[in-house]
Amino acid sequence: MFHNKAFVNPYTKVDFPVAVELHRRLYFEVSVATDDKKLSVRADRCYATPTQDQKNSLKYVFIKKGCPSDATVKYHSSPSSRAQRFSVGSL
């Protein structure tokens, strides 16, 4: 998760959970750390929870089966096929 659309300064582990203002875009990048140019990545399922617990039953899914399930999801250009960038609006 990044602070803005420049995808330069990511949030760190100590920043979480991140308090989010309404009507603000949240920027994400998923990537695979490899030099193998044959590999690529795709966000298959992405969701938000109110805690750091991935098993929290309260979650909001915004990408499901690789497709946006929220109308505010926007895809952004990525530096390589080994990364995928997207953003979602907070409502």
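**Entry 1**

I note that the model is predicted: local features need pLDDT of at least 70, side-chain atom pairs count only at pLDDT 80 or more, and totals for chains, interfaces and linings use all residues. Residues are numbered from 1 along each chain as its sequence is written, and side-chain values use heavy atoms, with hydrogens and water left out.

I then followed the pairing around R45. Strands here are DSSP runs of E with at least two residues, helices are runs of H or I with at least four, and both are numbered from the N terminus. Strand β3 covers residues 60-64 and is joined to β2 by four bridges, the two running antiparallel. Two strands count as paired if DSSP finds at least two bridges between them. The open sheet consists of three strands in the order β2-β3-β4, with antiparallel pairing. Its edge strands are β2 (45-48) and β4 (67-68), each of which pairs on one side only.

**Entry 1: The chain as a whole**

I counted six strands and zero helices. The radius of gyration is 13 Å, close to the 12 Å that the globule rule gives for 91 residues, so the chain is as compact as a globular protein of that length. This radius is taken over C-alpha atoms, and the rule is 2.2 Å times the number of residues to the power 0.38. Along its principal axes, the C-alpha trace spans about 35 × 30 × 25 Å.

Of the 91 residues, 27% count as buried. Buried means under 20% relative accessible area, exposed means over 50%, and partly exposed lies in between (1.4 Å probe, protein chains only).

**Entry 2: The largest nonpolar core**

I listed the nine residues of the largest nonpolar core: L26, F28, A43, C46, F62, I63, V73, F86 and V88. Such a core is a set of buried Ala, Val, Leu, Ile, Met, Phe, Trp, Tyr and Cys residues joined through side-chain atoms within 4.5 Å. At least two of its residues come from each of β1 (25-31), β3 and β6.

For V88, I checked contacts (heavy atoms within 4.5 Å). Leaving aside neighbours within four places in sequence, the partners of V88 include L26, F28, F62 and V73.

I examined S87, which is found in β6. S87 counts as buried because its relative accessibility is 0%. Its side chain makes a polar contact of 2.9 Å with the side chain of R25, and another of 2.7 Å with that of H76. A polar contact is a pair of N or O atoms within 3.5 Å; within protein, one must be able to donate a hydrogen and the other to accept it, and residues adjacent in sequence count only if both atoms are side-chain atoms.

The side chain of R85 makes a polar contact of 2.5 Å with the side chain of E29. Beyond four places in sequence, R85 touches F7 and H76, among others.

F7 lies in the segment before β1. I read its phi as near 55°, a positive value in a residue other than glycine. F7 counts as buried at 7% relative accessibility.

H23 is placed in the segment before β1. Its phi is positive, about 65°, although H23 is not a glycine. H23 counts as exposed at 67% relative accessibility.

Lastly, I noted a cis peptide bond between F16 and P17, with omega about -5°.
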